[in-house]
Amino acid sequence: MSAMTRHEWLLSDRPTSRRQARLGQAYRTWLSFRTNWLAMVGLGIVVALVLVALFANVIAPYDPVLGGDLRTERFLPPLTGNHLLGTDDLSRDIFSRIVHGSRLTLLVVVLVAVIATPIGLLVGTTAGYFGGWVDTVLMRITDIFLAFPRLILALAFVAALGPGIENAIIAIAITSWPPYARLARAETLTIRDSDFISAARLQGASSARILWGHVTPLCLSSVIIRVTLDMAGIILTAAGLGFLGLGAQPPQPEWGAMIAAGRRFLIDQWWVATMPGVAIFIVSLGFNLLGDGLRDVLDPKARK
Amino acid sequence: MGEVMLQVADLAVTFRRGGDAVHAVQDVSFSVAQGESFGIVGESGSGKSTVLRAICALAPTSAGTIRLRDAPLATPRPARFFRQVQMVFQDPYASLHPRHTIDRVLSEPLAIHGFDRREERIERALEEVGLGGGFRFRYPHQLSGGQRQRVAVARALILEPEVLLLDEPTSALDASIQAEVLNLLDRLRAERGLTYVMVSHDLAVVAHMCDRLMVMQHGRAIEELSRAALAAHRAETDYTRKLLSASEGYTPAEAS
């Protein structure tokens with residue numbers, strides 16, 4: 001008898017331990033995700049973003065903040081000398097700045113996801129599960145936040161807290177949780193009265209246990225999909241705040257701020273503003289493709 | 001008959017939504033002795049499942065009292081209640097959490113009530129309902145309907161209750177599996193001295209399982225009769241007689 005391959009072990013329909021069951025489930029999800037090549041392209045872009053951010057010091061050939069000779073190296077077009085994407089008005093290498101800027105982009109994306117997703121999940125599942133006045137109060141608060149255009153509300157927060165990348169992150173997080181709360185509430189309403197929740201209640205499970213252990217896992221996939229699809233919007237909002245001078249401050253190589261700095265030279269030195277724009281475009285596209293792929297795999301309703 | 005285990009007196013359940021009120025159950029009274037198997041039959045919408053849900057406080061009691069071992073039940077039900085009374089739901093496809101393994105389904109009640117020797121109890125519970133250890137780490141979608149219902153029975157019994165409420169436990173299963181699950185329930189009752197309250201629209205199932213039964217129509221109890229009376233067709237009301245003849249199935253009219 002040949003030994004069981006790892007593939008067979010993972011796909012076994014008679015797992016012998018908790019770990020094997022969980023890994024098997026994850027492996028099945030991965031197998032169906034892998035068949036969607038567009039989603040794999042999205043995943044590739046996001047992984048590349050993470051790697052570039054991790055190894056920015058190694059990848060970037062120049063310092064992102066200190067420029068070269070202001071007399072000879074200003075506004076070099078792409079592919080001149082050792083400057084792959086050219087240089088900007090302060091003789092700084094644009095490629096190096098974009099590479100270092102990926103750290104800021106990733107920081108914004110990760111922190112917003114980490115702050116906004118739990119708030120949205122908590123508010124939404126609580127409102128949906130308890131109903132009544134709890135639901136009314138929580139959802140009206142959500143409505144108030146939803147009534148403002150996101151960028152305007154973020155602007156107001158940044159204006160109150162003071163400009164800077166940290167405050168921009170807080171402002172974006174505060175303005176991006178309401179859609180997740182709505183989504184989680186809607187999902188909770190559909191499962192609140194199902195038999196398996198009644199069964200859990202009949203076993204004496206507390207509301208907190210039911211919310212955390214039974215309701216949240218079923219809301220999580222649709223919220224994760226939504227967060228991933230929103231990532232592009234979050235990057236653009238961060239870039240927009242940077243563009244308006246309320247996000248990252250000079251000389252930080254934030255992509256939106258780089259576009260803002262480059263727009264003065266857009267006619268004669270188009271590459272200064274275009275290159276960070278292309279970076280924003282590629283990363284946004286990557287998150288959108290990844291989100292679409294995740295929806296196909298994770299959303300139970302889309303499954304046949 | 002032994003000591004009275006469960007007593008329901010003048011139970012009424014009214015669902016209110018805005019200005020509307022639906023009287024799902026009105027003036028229902030019955031009592032079940034320890035170790036007895038009591039059946040509730042009636043057509044769809046007669047309020048029979050609502051009676052079971054009211055016993056567990058899953059439906060609101062608007063009037064009447066429910067007593068367990070002669071002690072009135074408080075709302076919300078105390079933790080002790082859930083170790084005495086458990087329920088098996090109608091649809092095994094809806095009563096198991098789709099993202100929890102069987103292991104998790106069975107270990108959660110043990111964790112809530114602080115039971116010891118959990119590994120041992122889970123393995124024994126699975127064996128008792130005729131599922132081997134190979135099923136323990138599976139997800140519900142990897143099981144058939146009959147296997148799922150066995151898991152639901154194991155989940156109800158793992159807290160070692162005295163009363164088991166059965167809400168049409170076999171109506172979602174096909175005929176061959178129905179018999180399997182009914183035999184399993186019969187065996188477990190004999191082994192553990194459980195008290196059953198079973199709801200069904202199938203008189204044959206109730207006649208097989210229950211010592212006494214109550215017939216419900218439009219939210220009211222209209223007749224109570226014993227198994228012997230049922231077998232001899234000694235029904236007192238027209239509705240029960242109609243139900244009885246309907247349960248015999250289709251008989252071709254005797255054309256001459």
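Modeller: Helices here are DSSP runs of H or I with at least four residues, strands are runs of E with at least two, and both are numbered from the N terminus. This is a predicted model, where local features need pLDDT of at least 70 and side-chain atom pairs count only at pLDDT 80 or more, while totals for chains, interfaces and linings use all residues. Residues are numbered from 1 along each chain as its sequence is written, chains are lettered from A and ligands numbered from 1 in the order written, and side-chain values use heavy atoms, without hydrogens and water.

Biologist: OK. What is the mean pLDDT of chain A?

Modeller: Chain A averages 87, with 97% of its residues at 70 or more; pLDDT is the predictor's confidence in each residue, from 0 to 100.

Biologist: Aromatics next. How many aromatic pairs over all chains?

Modeller: There are 7. Rings of Phe, Tyr and Trp (its six-membered ring) pair if their centres lie within 6.5 Å; planes under 30 degrees apart are stacked, over 60 edge-to-face, the rest tilted. One of the pairs is Trp30(A) with Phe33(A), which is stacked at 6.2 Å centre to centre and 25° between the planes.

Biologist: How many residues apart are Trp30(A) and Phe33(A)?

Modeller: They are 3 residues apart in helix α2 (residues 18-34) of chain A, so about one helical turn separates them. Trp30(A) is partly exposed at 34% relative accessible area, whereas Phe33(A) is buried at 6%. Buried means under 20%, exposed over 50%, partly exposed in between (1.4 Å probe, protein chains only).

Biologist: And Phe75(A) with Phe265(A), stacked or edge-to-face?

Modeller: Edge-to-face, because the planes of Phe75(A) and Phe265(A) stand at 65°, with ring centres 4.8 Å apart. This pair links distant parts of the chain, 190 residues apart: Phe75(A) is in the loop between α4 and α5 (94-130), and Phe265(A) in the loop between α11 (255-262) and α12 (271-298) of chain A. Both Phe75(A) and Phe265(A) are buried.

Biologist: Switching to charges. How many salt bridges over all chains?

Modeller: The structure holds 31, each a side-chain nitrogen of Lys or Arg within 4 Å of a carboxyl oxygen of Asp or Glu. One of them joins Arg182(A) to Asp143(A), at 3.3 Å from N to O. Arg182(A) is in helix α8 (residues 165-192) and Asp143(A) in helix α6 (residues 132-147) of chain A, so the bridge ties together parts 39 residues apart in sequence. Arg182(A) is partly exposed at 36%, and so is Asp143(A), at 25%.

Biologist: What does Arg212(B) form with Glu36(B)?

Modeller: A salt bridge, with the closest N and O atoms 2.6 Å apart. Arg212(B) sits in strand β9 (residues 212-217) and Glu36(B) in the loop between β2 (20-33) and β3 (37-42) of chain B, 176 residues apart. Arg212(B) is buried at 16%, and Glu36(B) is buried at 6%.

Biologist: Where is Glu224(B), which also meets Arg212(B)?

Modeller: Glu224(B) is in strand β10 (residues 220-226) of chain B, 12 residues from Arg212(B). Their salt bridge is 2.5 Å, N to O, and Glu224(B) is partly exposed at 39%.

Biologist: Which residues do salt bridges with shared partners join into one network?

Modeller: Arg18(A), Asp103(B), Glu119(B), Glu123(B) and Arg136(B).

Biologist: Last one: Leu54(A), buried or exposed?

Modeller: Leu54(A) is exposed, at 58% relative accessible area, and lies in helix α3 of chain A.
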